[in-house]
Amino acid sequence: MHLLLAQPRGFCAGVRRAVEMLTSVTEKSAAPVCVYHEIVHNTYVVAGFRNRGVRFVETLEEVPEGAVLVFSAHGVSPALRDAARQRNLTVIDATCPLVEQVHQKVRQFASREYRILYIGHPGHDEVTGILAEAPDQITLLADVREMESLEIPAAAKAVCLMQTTLSADETREMLRKWQIRFPQMEIPESGGICYATQNRQNAVRQLAGEADAALIVGSANSSNSRRLCELASAADIPAYLIDGPQEIRPAWLDGSETVLMSAGASVPENIVQECVHFLRNRFAATVEERVIHTENISFPVRFGSV
Ligand code: SF4
């Protein structure tokens, strides 16, 4: 077996920053540390922090008095920020700056009375936080079929924003159709799919044609990992989303000469390397790292008050 390891893969700048912030708080804080939702959508990352005593909560009521509350990389609603402030909790905001940028765009366009079309997956933490910025002005669209019933008067101001981890191919197609129907619609450059999502998708798109099968490392609730798996499937090869090496079924890969491996933006590199180790042992795989993009983006860690 020949294993093509896609690069870039795994941790993006937003995830790295959120993990660094929570690590630092966990090491320094004498008070209990709670995180609103999963810090990032990865089973291993969450389990690692849980083992160090971090509590992951779904409501503010679960946060005890005197605790430190960390907002996850996916961001939160303005109402949750206010409620945390009113309870005088010490808050650390690990929202990815690129998600925060979309929050800012929503506020700006809402104050200028735009109709905001937002493409995203209903129920995802990032989407829930964004919708809450201007619930009366945002229309959530989960896919292109929902566009069919949409009507925007020609004179109305409209803008399209989107979840940072969508499929770039599908979204491009959707926007092309929308712009024909609604030529007045604005699409700001910094209101959509982030650099990390695009780079990981480009790498899988470019390499899938050389492979007989693909293994995408990532947790089932990770939006960008699922998109990578769909992208590999779209290249007509069997593609499997695996949380870690224990989920690899050797029968999937019997007869595969070349296997592509990538990992979603919330996956630690040690989990990828454990999967590589499994394939070396089980299939005597030779490993080739294929660099499609070089990333040198990092976001500074700031612990200012929220
Ligand atoms: S995937 Fe993109 S938006 Fe999400 S945390 Fe990473 S850099 Fe930020």
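So, the ligand: around it we have Cys12, Gly14, Val15, Cys96, Leu98, Val99, Thr164, Cys194 and Tyr195. Keep in mind that this is a predicted model. Where does the ligand sit? In the largest cavity. As for who builds that shell, helix 1, residues 13–28, puts in at least two residues, and helix 4 also gives at least two.

Let me stay on helix 4 for a moment, which covers residues 97–111. Val106 is part of that helix. Is Val106 buried or exposed? Its relative accessible area is 0%, so Val106 is buried. Which residues does Val106 touch, if we skip its neighbours within four places in sequence? The list is Ile116, Ile130, Glu133, Ala134, Ile138 and Leu161. And here's a distance for those of you who like C-alpha pairs: Val106 and Gly191 sit 85 residues apart along the chain, with their C-alpha atoms separated by 8.8 Å.

Okay, aromatics. How many aromatic pairs turn up when you search the whole structure? Two. One of them is Phe109 with Tyr114, an edge-to-face pair, 4.9 Å centre to centre with 70° between the planes. Both Phe109 and Tyr114 are buried.

Then there's Tyr240 with Trp252. Why do we call that pair stacked? Because the planes are at 0° to each other, with the ring centres 4.0 Å apart; stacked needs planes under 30 degrees apart. Tyr240 comes from strand 10, residues 239–242, and Trp252 from helix 10, residues 250–253, so this pair ties together parts that are 12 residues apart in sequence. Trp252 has 21% relative accessibility, so it counts as partly exposed; the buried class stops under 20%.

While we're on rings, there's also a charge over one: Arg282 lies over the face of Phe283, and the distance to the ring centre is 5.3 Å.

As background, most peptide bonds are trans, and most residues other than glycine have a negative phi. Which peptide bond is cis here? The one from Gln7 to Pro8, with omega near 10°. You'll find Pro8 in the loop between strand 1, residues 2–7, and helix 1.

On the phi side, Asn88 is not a glycine, yet its phi is positive, about 60°. Asn88 sits in the loop that runs between helix 3, residues 78–86, and strand 5, residues 90–93. With 67% relative accessibility, Asn88 counts as exposed. Asp236 is another non-glycine with a positive phi, near 65°. Its loop is the one between helix 9, residues 223–234, and strand 10, and strand 10 is also where Tyr240 lies. Asp236 is exposed too, with a relative accessible area of 72%.

Last stop, Val301. Where is Val301? In the segment after strand 12, which spans residues 286–291. At 32% relative accessibility, Val301 counts as partly exposed. Leaving out residues up to four places away in sequence, Val301 touches Arg17, Glu20 and Met21.

Technical notes:
Residues are numbered from 1 along each chain as its sequence is written. This is a predicted model: local features need pLDDT of at least 70, side-chain atom pairs count only at pLDDT 80 or more; totals for chains, interfaces and linings use all residues. Side-chain values use heavy atoms; hydrogens and water are left out. Rings of Phe, Tyr and Trp (its six-membered ring) pair if their centres lie within 6.5 Å; planes under 30 degrees apart count as stacked, over 60 as edge-to-face and the rest as tilted. Buried means under 20% relative accessible area, exposed over 50%, partly exposed in between (1.4 Å probe, protein chains only). Helices (H or I, at least four residues) and strands (E, at least two) are DSSP runs, numbered from the N terminus. A charge sits over a ring if NZ of Lys or CZ of Arg is within 6 Å of the ring centre and within 35 degrees of the ring normal. Contact means heavy atoms within 4.5 Å. A residue is near a molecule or strand if one of its heavy atoms lies within 4 Å of it. On a 1 Å grid over the protein atoms alone, a cavity is a set of points where a 1.4 Å probe fits but cannot get out, and a pocket is an open set with protein on both sides within 12 Å along at least five of seven lines; lining residues have an atom within 4 Å of a point. A molecule sits in a cavity or pocket if more than half of its atoms lie within 2 Å of its grid points.
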